[in-house]
Amino acid sequence: MTSTEISPLTFLKGHGTENDFVIVPDADNAVELLPAAVARLCDRRAGIGGDGVLHVVRSAAHPEARHMAEEAEWFMDYRNADGSVAEMCGNGVRVFARYLQHAGHVTAGEVTVATRGGVKRVHLDKDGSVTVGMGKARLPEAAVTVTVDGRSWPARNVNMGNPHAVAFVDSLDHAGNLFTEPPYEPAGVYPDGVNIEFVADRGPRHVAMRVHERGAAETRSCGTGACAVAVATARRDGADPAVSGHPVTYTVDVLGGTLVITEHPDGEIEMTGPAVIVAEGTIDPAWLAGTSGFETVND
């Protein structure tokens with residue numbers, strides 16, 4: 001396919017606590033974004049730049065989401081910055097919902113979004129914040145150890161639809177540069193890789209974190225990671241809403257801002273924070289043709 005045969009691809013740029021995304025609207029699932037194209041789009045020097053791509057598709061038009069179409073009209077086909085597919089992204093789904101509002105597909109209030117981690121319920125608040133129901137955490141019993149620069153810490157294994165290892169440290173500096181994935185063992189606990197959070201206390205029910213995201217290196221924020229951190233911290237502090245019958249809320253500072261995480265007695269977790277659209281435009285078709293990773297799906 002030549003560059004003249006490719007129509008310009010519309011994109012938007014958005015972020016939630018500076019976890020930033022390239023948004024590609026494609027209601028009919030007519031564009032196949034192969035890993036090379038996703039990585040090019042997310043390249044902060046040669047592309048648009050982002051921690052991932054939010055491919056916006058109607059659930060009925062995507063083979064992975066058709067079974068959710070009756071519950072959620074829209075499917076978040078999420079890709080990590082390296083082009084790999086991910087189950088869920090907490091900040092991503094909040095930005096995704098903000099895009100749906102921006103595009104006029106939904107109004108303020110309740111929205112449902114299909115993801116590979118299931119249908120997520122989102123509330124677009126009038127004050128600009130976005131709350132998303134993140135589902136329930138699973139706490140596998142497998143013991144994990146994370147190591148950075150000769151220091152090792154036990155890490156809590158938490159699954160939020162994607163895998164997390166949460167390590168408590170005295171200082172966030174102990175996490176190192178996070179350019180590369182910190183070693184962990186046993187490696188077999190996470191056959192598909194893992195997001196690793198380093199957590200330091202800031203006050204009562206208030207922590208700060210840094211994260212190495214699977215497929216994206218260190219990011220300014222990670223929504224599922226913040227939820228995993230809140231759950232792991234609550235258990236460390238002896239708080240379990242399922243036992244007490246009362247919700248527990250933690251404030252989680254990330255490099256890009258603050259998220260508020262509440263775990264309810266039924267195990268459901270809600271995350272609240274900002275989500276904004278900052279730009280939109282079109283991508284040069286000649287540049288797209290040069291990615292060797294962009295295809296138009298034929299009917």
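This is a predicted model: local features need pLDDT of at least 70, side-chain atom pairs count only at pLDDT 80 or more; totals for chains, interfaces and linings use all residues.
Me: How many cavities of 30 Å³ or more does a search of the whole structure find?

Reply: The search finds one. The largest cavity has a volume of about 80 Å³.

Me: Which residues line the largest cavity?

Reply: Among them are Y78, N80, M88, C89, N162, E213 and R214. By class, the lining of this cavity divides into five nonpolar, five polar and two charged residues.

Me: What is the volume of the largest pocket, and which residues are closest to its centre?

Reply: The largest pocket holds about 160 Å³ of space. Its lining has 14 residues, and N159, P163, V189, Y190 and P191 are the closest to the centre. Five residues of this lining are nonpolar, five are polar and four are charged.

Me: Which residues does a cis peptide bond join here?

Reply: The bond joins E185 and P186, with omega at about -5 degrees. P186 is in the loop between β12 (184–185) and β13 (195–203).

Me: What is the phi of N29, and is N29 buried or exposed?

Reply: N29 is not a glycine, yet its phi is positive, about 60 degrees. N29 sits in the loop between β2 and β3. Buried means under 20% relative accessible area, so N29, at 17%, counts as buried.

Me: Where does R205 lie, and what is its phi?

Reply: R205 lies in the loop between β13 and β14. R205 is not a glycine either, and its phi is about 50 degrees. Its relative accessibility is 45%, so R205 counts as partly exposed.

Definitions and conventions: Residues are numbered from 1 along each chain as its sequence is written. Side-chain values use heavy atoms; hydrogens and water are left out. On a 1 Å grid over the protein atoms alone, a cavity is a set of points where a 1.4 Å probe fits but cannot get out, and a pocket is an open set with protein on both sides within 12 Å along at least five of seven lines; lining residues have an atom within 4 Å of a point. Grid points are joined across faces, edges and corners, and a volume is the space filled by probe spheres set on the points. Ala, Val, Leu, Ile, Met, Phe, Trp, Tyr, Cys and Pro count as nonpolar, Asp, Glu, Lys and Arg as charged, and the others, Gly among them, as polar. Helices (H or I, at least four residues) and strands (E, at least two) are DSSP runs, numbered from the N terminus. Buried means under 20% relative accessible area, exposed over 50%, partly exposed in between (1.4 Å probe, protein chains only).
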